[in-house]
Amino acid sequence: MSTDTLNTQEEKDVTEILKRLLKALITEQVDQKLPGLALESEEKAGHA
Amino acid sequence: MIVPKPHPTDGAPIRCLVIQLARLGDTIQTLMALKAAKQLYPRLEIHLLVRETFAAAAARVPWIDELITLPTKELLGPVISGTKSETDAIKDLARWVAPLVGKRWDLVANWSFSEASSYLTALLPAHHKIGFTRRDDFSLVSADGWSQYIHGVVQANVPQNIHLTDILTTQLLTELQIHYGSPADAQDAQVTGKNFFTLDLNEDSAEWPIQDSSRKWIGIQLGAGQSVKTWDPAKWAKTATYILNSHPDHHVVFLGGTNDLGRAKEVQLILQENDIDPRRVLSLVGETDFSLWASVVGRCQWIFAGDTSVIHLASVLGTRVLNVSVGPVRWSETGPYGNGHYVVSASRDCTGCASKSVDLAEHSCSEQVSAEAVFGTWLYANQEWTHQRKLPLAQHFAQLGFVDALAGIQIFRSRIRESDDGGGVIYEPALRISEGITPREWLSPVVGHIARAWYCGWTPSVGQELNRAAINPSLIQSLRLLDEAASVLERVCGEGHRTALELLEKTATLRSDRLMDLGQKNKLKALGKKLADLDGLVDRLAKADPTLEVFSNMSRVLMHNLNGNQLSELGRESAEVYRQLQLGVQLMRDWIQHTLGLARPVAIERTFQN
């Protein structure tokens, strides 16, 4: 859980690249308006 | 509050995807929370996504319906080494993620609470989501109240005392109850136990001496996640020497990964110098896969460890833990879970802990905790059945001749609290620090109490965790000042609530947020400015007294997570935010009054005898 510092530089690299790739992937999907994409839950989750 | 839509197929499985991309310790805590939920909602169909490196634990629980692994090495390794471009890696990632996007989830729970995982969560179609995800504009959104609390309090380093396992469990159960009704009667089914995992041990391991049930074993995990959280190997060796010399029926097994081989060698050399019989010591450092590791941990009477995943493993297996907590660790959130575990740590944050430094030179906390302190604590804990905890810990240390070992440390014992008292695990002081508690330490149960009021809808009585002996003049002085600031904050929140309601009233009748007359426009502008000024005031009050930071942090997170695009919706939700903050401030003030009341001198009725 990201409540703690990541332990190694390798983990930091992995997390940072994963973030970049997923961000790029979601941007690409939005641009292409691919089916199946769900940016938010059907019922927007509010304050529980 | 969203009005729950009844699930269309009552009795059908609730298809739940849980995303846990953090480390093994987090995965084990996730499993604990999921098992509790599965017992209460048997039709919960759990699909668990973890990183391949930390999948071993999840692979050995039979009640997970599907284990999905993220092959980070395969997907990201070539990018890190420069042999593949990010553009090509995105295509690989898209192929990996496609089956998850293709499914229709009833619930996606993102328990990684990281930026990366929020993008993944945003990609997935689901009826409901909890945890971090992304909006249409890709801004981060905390989908539910507990996620907002993680964001604004836990990750912001504000002290609070609700264990993360309890947060995850409550968060999931709340979501399930809202959308799928009350849970089944689990009839006090146990979550933890020796059979938590289905282990596949090879034939060789059956011959390990640890299988001999006539011997008592203490497991010592030598390493920890970071070097600043790792206790000195020489101190582990000294602790083991004390145990082995005083308890002829006990044996010690050292555990750890290949990174700990150097520490294991150092420990073994010292034990040899101390003339310890080598047949009473076993080192499995660098030799255990998950099955053997879990089997050994499950067979030990005690596990001694720093802040590392073995304390969660021991917790789920029902093995008692002595947690030597050094370095920047929030053990009240991530410590051993269950009854009768002990935590030994420095009594105050050192310079390195306060700044969360990873530089070992800045940490003096590790030096504070001695082998005598750890051995003395274990001896006390191990003899609980004899002294029934009626023997004061300080007296026990005096009998051992180890009084000096108590200087600069604190010792806590874990207990699962009755649900009527607030539920969850708490750590009760087994040794009270003579100088009393600091305002920051006072704040921890207060924030936990506020969270229960916000998200559970009820709270136990104020001040349960507080003991009169923990209160000192310095705390009293700080709380008197805090009460002045908190009373101002309470009025600010009340004014914010009224202003937001006025905004709602003025905007509810508008045909459009754009079409309005000049008078209306100026009025709305003035209300907007007033709310911005009140937000600024909340921030300034928190800067003046950091004890109030919990409210400025939560204000920012809650305002960021407002739903709706129309002014009237924003007005309604802002009013709700101010109401929530005001409730929290009122509770904090109740705690202040309770604490000040405890500190007042109590008149003793004098009895005259002739």
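This is a predicted model: local features need pLDDT of at least 70, side-chain atom pairs count only at pLDDT 80 or more; totals for chains, interfaces and linings use all residues.

Student: What percentage of the 48 residues of chain A count as buried?

Tutor: Of the 48 residues of chain A, 25% count as buried. Chain A holds one helix and zero strands. Its mean pLDDT is 62, with 44% of its residues at 70 or more. Over residues 1-5 of chain A the pLDDT is below 50, and this stretch has 17 contacts in the model beyond near neighbours in sequence. Residues 33-48 of chain A also have pLDDT below 50, and there the model has 43 contacts beyond near neighbours in sequence.

Now let us turn to chain B and its helix H20. Helix H20 of chain B covers residues 549-560, and at 1.5 Å a residue its twelve residues should span 16 Å; the end C-alpha atoms are 17 Å apart, which agrees. Nine of the twelve residues of H20(B) are buried, so this helix is largely enclosed by the rest of the structure. Among the buried residues are Val550(B), Phe551(B), Met554(B), Val557(B) and Leu558(B), and Glu549(B), Ser552(B), Asn553(B) and Ser555(B) are buried too. What surrounds them in chain B is strand S6 (140-142) together with the helices H5 (145-154), H17 (439-455), H18 (473-508), H19 and H21 (567-599), against which the buried residues of H20(B) pack.

The C-alpha atom of Asp539(B) is separated by 32 Å from that of Leu518(B), 21 residues apart along the chain.

Chain B also has an open sheet of eight strands, in the order S9-S8-S7-S10-S11-S12-S13-S14, with mixed pairing. Strands S9 (281-283) and S14 (425-431) of chain B stand at the edges with a single partner strand each, so one side of each is left without a neighbour in the sheet. From one strand to the next, the twist averages 20 degrees. Within the sheet, strand S10 (residues 302-305) and strand S11 (residues 320-325) of chain B pair in the parallel sense over four bridges, and Ala305(B) stands opposite Asn323(B) in S11(B). Helix H7 (residues 233-246) of chain B packs on the sheet, where it touches strands S7 (216-221) and S8 (250-255) of chain B, and its direction makes about 160 degrees with that of S8(B).

Definitions and conventions: Residues are numbered from 1 along each chain as its sequence is written. Chains are lettered from A and ligands numbered from 1 in the order in which they are written. Helices (H or I, at least four residues) and strands (E, at least two) are DSSP runs, numbered from the N terminus. The expected span of a helix is 1.5 Å times one less than its number of residues. A residue is buried if 20 or more other C-beta atoms lie within 10 Å of its own, exposed if 12 or fewer, and partly exposed in between; C-beta atoms are placed from the backbone. Two residues are in contact if their C-beta atoms, placed from the backbone, lie within 7 Å. pLDDT is the predictor's confidence in each residue, from 0 to 100. Two strands pair if DSSP finds at least two bridges between them. Axes are lines fitted to C-alpha atoms, for helices over the stretch in contact, and angles run from 0 to 180 degrees between N-to-C directions.
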